[in-house]
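Morning, everyone. Please have a look at the structure on the screen, and then I'll walk you through it.

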Amino acid sequence: MRTAAILAALVLLAAARNEASAQTYAPPTSAPRVTSAEAARRLVIEREVRERFARGLADEARADWSAADREFARIVDLAPPEPKTSTALYDRALALAHLRRANDAMDALDAALARDPGFAAAAANLTAIALAAGDDERARRAAARFVAIAPASARARYSEGLVAIRTGDFALARRDFTALLADDPAYAVAHYDLAIVELHDGRIAAAQVELERSLALSPGYARARLAYAELLLRDGRTAEAKAQLARTAADAADPSLRMLAHTLREQIP
């Protein structure tokens with residue numbers, strides 16, 4: 001009886017020991033997955049986007065536009081959530097414009113605005129690039145969009161006014177420049193542009209007033225002084241016109257305007 005009890009106890013001890021050994025030496029199991037494959041992929045993309053933005057902005061700072069274009073193009077391909085993709089499109093457009101790829105730059109800005117309809121800086125730059133490229137219709141649409149996004153923006157009104165002059169919509173140009181000057185009478189450039197509108201409409205006296213205001217505010221404004229000299233010539237005030245042209249030829253910041261003023265002065269008897 002005692003022998004049977006001892007054997008039973010030994011069997012139980014052996015079983016317990018074997019179970020402990022199994023627990024100690026069992027092959028390790030993999031750690032439970034705490035992130036999905038999709039979440040891991042997003043983390044990788046976020047890191048690449050962050051690094052490429054840093055490199056692209058550094059490329060812009062040193063005017064390496066080709067390198068900047070590559071970095072921002074890659075970000076666009078990765079399609080990160082907004083506002084990162086529209087921002088990359090905007091920065092890529094700036095690089096493309098410097099690379100003289102105006103159409104590609106405008107397409108990038110259009111894409112940025114499609115993603116972020118309130119992106120005022122994209123509309124502003126689209127207007128400027130379209131004007132420089134001679135795409136008047138695209139500039140007109142971009143300027144109207146800029147004003148719609150930022151109706152209180154002086155730059156938006158000014159951009160629309162410039163496009164209006166370029167496209168022959170002088171009524172719109174008059175409205176924009178008049179509104180600008182109502183808010184800021186010291187805006188010398190707007191006085192000059194309004195003078196151009198007045199000249200187109202044949203209002204010579206009004207144009208002269210605007211040019212005189214522009215030059216009083218900004219005496220070094222060479223374009224306004226050239227236009228003023230032209231009006232003086234129309235009025236037969238030759239000596240005064242020559243004096244205006246001589247001043248422009250001497251101190252205009254733009255060498256092409258200095259040369260033009262010098263040439264015109266030499267042609268006056």
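Let's start with one residue. Leu109 touches Tyr90, Ala93, Ala122, Asn125, Leu126 and Ile129, leaving out residues up to four places away in sequence. Touching, or contact, means heavy atoms within 4.5 Å.

A quick word on the source. This is a predicted model, where local features need pLDDT of at least 70 and side-chain atom pairs count only at pLDDT 80 or more, while totals for chains, interfaces and linings use all residues. Residues are numbered from 1 along each chain as its sequence is written, and side-chain values use heavy atoms, with hydrogens and water left out.

Now, where does Leu109 sit? Leu109 belongs to the largest nonpolar core, which has 26 residues. A nonpolar core is a set of buried Ala, Val, Leu, Ile, Met, Phe, Trp, Tyr and Cys residues joined through side-chain atoms within 4.5 Å. Buried means under 20% relative accessible area, exposed over 50%, and partly exposed in between, with a 1.4 Å probe and protein chains only. Leu109, Leu113, Phe119, Ala122, Leu126 and Phe146 have the most contacts inside this core.

Which helices supply it? Helices 4 (84-98), 5 (102-115), 6 (120-133), 7 (136-149) and 8 (154-167) each give at least two residues. Helix 6 gives the largest share, seven residues. In soluble globular proteins, nonpolar side chains tend to be buried together.

Let's zoom out. The protein has 14 helices and zero strands. Helices (H or I, at least four residues) and strands (E, at least two) are DSSP runs, numbered from the N terminus. Of the 269 residues, 37% are buried.

Next, a helix pair. Helix 10 (residues 188-200) and helix 11 (residues 204-217) pack at about 165°, with axes 8 Å apart. Therefore helix 10 is roughly antiparallel to helix 11. Angles under 35 degrees count as roughly parallel, over 145 as roughly antiparallel, 65 to 115 as roughly perpendicular, and the rest as oblique. Axes are lines fitted to C-alpha atoms, for helices over the stretch in contact, and angles run from 0 to 180 degrees between N-to-C directions. Residues that meet across this pair include Tyr192 and Leu199 in helix 10, and Ile204 and Leu217 in helix 11.

Last stop: Ala63. Find it in the loop between helix 2 (37-61) and helix 3 (65-78). Is Ala63 buried or partly exposed? Ala63 is partly exposed, because its relative accessibility is 43%. Ala63 and Ala95 are 32 residues apart in sequence, and their C-alpha atoms are 8.6 Å apart in space.
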